[in-house]
Amino acid sequence: MEQRRCETRRERQWFVAFMVVLDILWNGASAQIRYSISEEVKEGTVVGNIAKDLGLDKTTLKDRGYRIVTGSAEALFEVNQNDGILYVNRKIDREVVCERTSPCLINLKTVLENPLEIHYVAVEILDVNDHSPSFAEKEKRLEISESALPGARFQLQAARDPDGGQYSIQQYKLSHNEHFRVEVKDRGEDRKVPFLVLQKQLDRETAGKHRFLLTAIDGGKPARSGAIEILVDVLDVNDNSPVFTKELFSATLRENVPAGTMVIQVNATDLDQGANGEIIYSFGNEVDLKLMDLFSVDPFTGEIKVTGLIDFEESKSYEIDIQASDKGQVPLTADKSVMITVVDVNDNAPDIEVTSFSSSIPEDSRIGTTVALISINDLDSGINGKVICTIKENVPFTLSPSLQDNMYAVVTKSQLDRENKSQYDVTILAKDTGDPSLSSEKTISVVVSDVNDNRPEFSSSPYTFYVTENNSAGASVFSVKASDRDESDNALISYHILRVVGEDKLTSFLNINAENGDIMSLKSFDFEILKTFQFHVVASDSGTPSLSSNVTVNVFILDQNDNAPVILYPVSANGSAEGVEEIPRNVNTGHLVTKVRAYDADIGYNGWLLFSLQEVTDHSLFALDRYTGQIRTLRSFTETDEAEHKLVILVKDNGNVSLSATATVIVKAVEPKEAFAASDVKSAAKDEEENNVTFYLMITLGSVSALFLISIIVLIVMQCSKPTDYSSKYLQDANYDGTLCHSIQYRSGDRRYMLVGPRMSIGSTIVPGSNGNTLVVPDRRRTSGEVRTIYNTV
């Protein structure tokens, strides 16, 4: 017998091992690890090495925040982030955790961050035989009529054992007696109900009481047991027990029905008469106290009514033991089970749980990047528990379903741009398919972090600045400003001047403040030397990698009246502004005596010259044109006029602070040369001389006419051959509406130069090093060394 038991036990162990291996293979295929551990083990007991079984790199577990996702209650297990080993966090009582559920599985969700991973681990809590069977009472008293026939059955109180499986109650034993034996009815869920069976008819006159022990034994090794004392009082003569009218009583009941709702009515009959045939209904001896809080039974009608809250999510069905008892002196009873099936009602809204969440995501994240993991749970069943999950707002995110039921990943569906929107509030809407439908919402805020994807932008392009000459060296003259749509270091801008080797050396005299873009000049500008220049400024941000942009800066120098007029004529040998002019005494009114020539290196009003007579010996004899500097006679000379006259001419510009120069002209009136010649020649020779003069004049006039025609033809040919864009080669900004008092042209080599005052003609260029006063005048002639004087009058 013992050998057969050992073989049976060995076969059972092999079967359990085979099922465990099959379960591990199945869970491995679905990427889920399953461990098993006995209850009541000490804290810190190793359950398994998750990192090793999942193939995770141990060195990255701590940096990636490997953890177990738990609720608010104290966690049963803990994972070590250094080695990935799963430990028992506190002592586990299987009977508390799983009650009577078998197998007792605890599903754990483990999460790795950056990148986001989730793994499921199932831990089976194995039962140990740590509880002994126990009865609710120390003794049970039964009243049995002596008319009871052998085979009569009497239900006894079942013992309770919190352990499950083989460690639950396996058998009942009755202490030796000749009248009774015990039978066990298995009702499932480890419920074995003992029945006392009458083996031999009782005789009250022989023995009015019987006492014996009922022992409940579990399947542990060694076995645990508990006992109750049974007291049987032998009663007399009520020999018919109530009989229920149906073999099976069953009903369906919607959850959440109001208290007082009738579920079902049971009915039993008794063939006895009188009090022995009157029936009273009550709950059976084995009805759980929880059931008594939910239901009531009318003792006279047998109606079962609702007295508490019926919740489908707590229990989908109820089995109630109803006992029918007569009113005989020795009541006879009958027991019947009533099955009540609970119908689900959609009374639970979906529950949204965010299992993992990245509150910040870079704006350059690829489409499909996971932002958060959410799980949806609905306690209802069927269509009431089927949930549809969506995102309410029109945001660049979408829900991607996971392989696990009711698991979703919030991922990006389009490219993000922090400069357009830096934060999104994403509302997850979970809605079941019940009628009426219930829904719930959860909002998560996603911050879009910046990347350096925008170049600095200047407020203007190109920049144009006007700077007055003679500025203070080292002072800020102008400023450039750039902005960057990025933020933090990506928007921190520094400035520098682009200096190209071999190009304009002027940038070496400029310095820029790298922080605010203020540009300083290390030297003073002189309009007469430099009128305009150009350079480039580069703005770079502090991102990685850095982005930059450049802008062209055009600078125009504004003239100041810092140059006094210069007298070009008269100029004597020693350089003083004094000259002597001789004119015949017989000149007519309006005769041009001479012209004072001057120029001013400034332009505009600063270079517009006006002439005035500061001193003159005879105001009635001479007049000065204030604009041209021409000195003319106002009348003819008389015999009383002096032969020598002194004129002091003041030349001044039109600047705000006018600058001036003076010139002195000595005018001497002399006798005409023709008069001296007439006194020495005889009157006879006068006609011949006049004829010769006429001949020479004709020859001179013909030569001059021929030269004039040739010059006209040459000018026409040169004009036709001149390029159409000729005038565009020369500076336009040197034009001046003032009066050019005079200009002197001279030739050196192949170039013709003109020394001018304020006004310059179109087609002239400034010669470097000439202080802005010498122009190169286009000339098609090839002769050199010719000096010409040109009088220009405005």
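This briefing covers a surface patch, a sheet and a loop residue. The model is predicted: local features need pLDDT of at least 70, side-chain atom pairs count only at pLDDT 80 or more, and totals for chains, interfaces and linings use all residues. Residues are numbered from 1 along each chain as its sequence is written, and side-chain values use heavy atoms, leaving out hydrogens and water.

**Surface patch**
- F708, L709, I712, L715 and I716 form a nonpolar patch on the surface.
- Together they have about 500 Å² of accessible area (Shrake-Rupley method, 1.4 Å probe, only the protein chains shown counting as cover for residues).
- Patch residues have over 30% relative accessible area and no salt bridge, and nonpolar side chains are joined within 5 Å. A salt bridge is a Lys or Arg side-chain nitrogen within 4 Å of an Asp or Glu carboxyl oxygen.
- I712 lies in helix α6, residues 686–721 (helices are DSSP runs of H or I, at least four residues; strands are runs of E, at least two).
- I712 is partly exposed, at 34% relative accessible area (buried is under 20%, exposed over 50%, partly exposed in between).

**Sheet**
- An open sheet of 4 strands runs in the order β25-β31-β30-β27, with mixed pairing (strands pair if DSSP finds at least two bridges between them).
- Its edge strands, β25 (360–362) and β27 (387–391), each pair on one side only.
- β25 pairs with β31 (residues 439–449) in the parallel sense, over 3 bridges.
- I361 stands opposite V448 in β31.

**Loop residue N588**
- N588 sits in the loop between β42 (578–584) and β43 (592–595).
- N588 is exposed, at 57% relative accessibility.
- N588 touches T633 and S636, not counting residues up to four places away in sequence (contact means heavy atoms within 4.5 Å).
- The C-alpha atoms of N588 and L634 are separated by 8.7 Å, though the residues are 46 apart along the chain.

Technical notes. Patch = residues over 30% accessible without salt bridge, like charges linked within 9 Å, V, L, I, M, F, W, Y side chains within 5 Å. Buried < 20%, exposed > 50% of the residue type's maximum accessible area, 1.4 Å probe, protein only.
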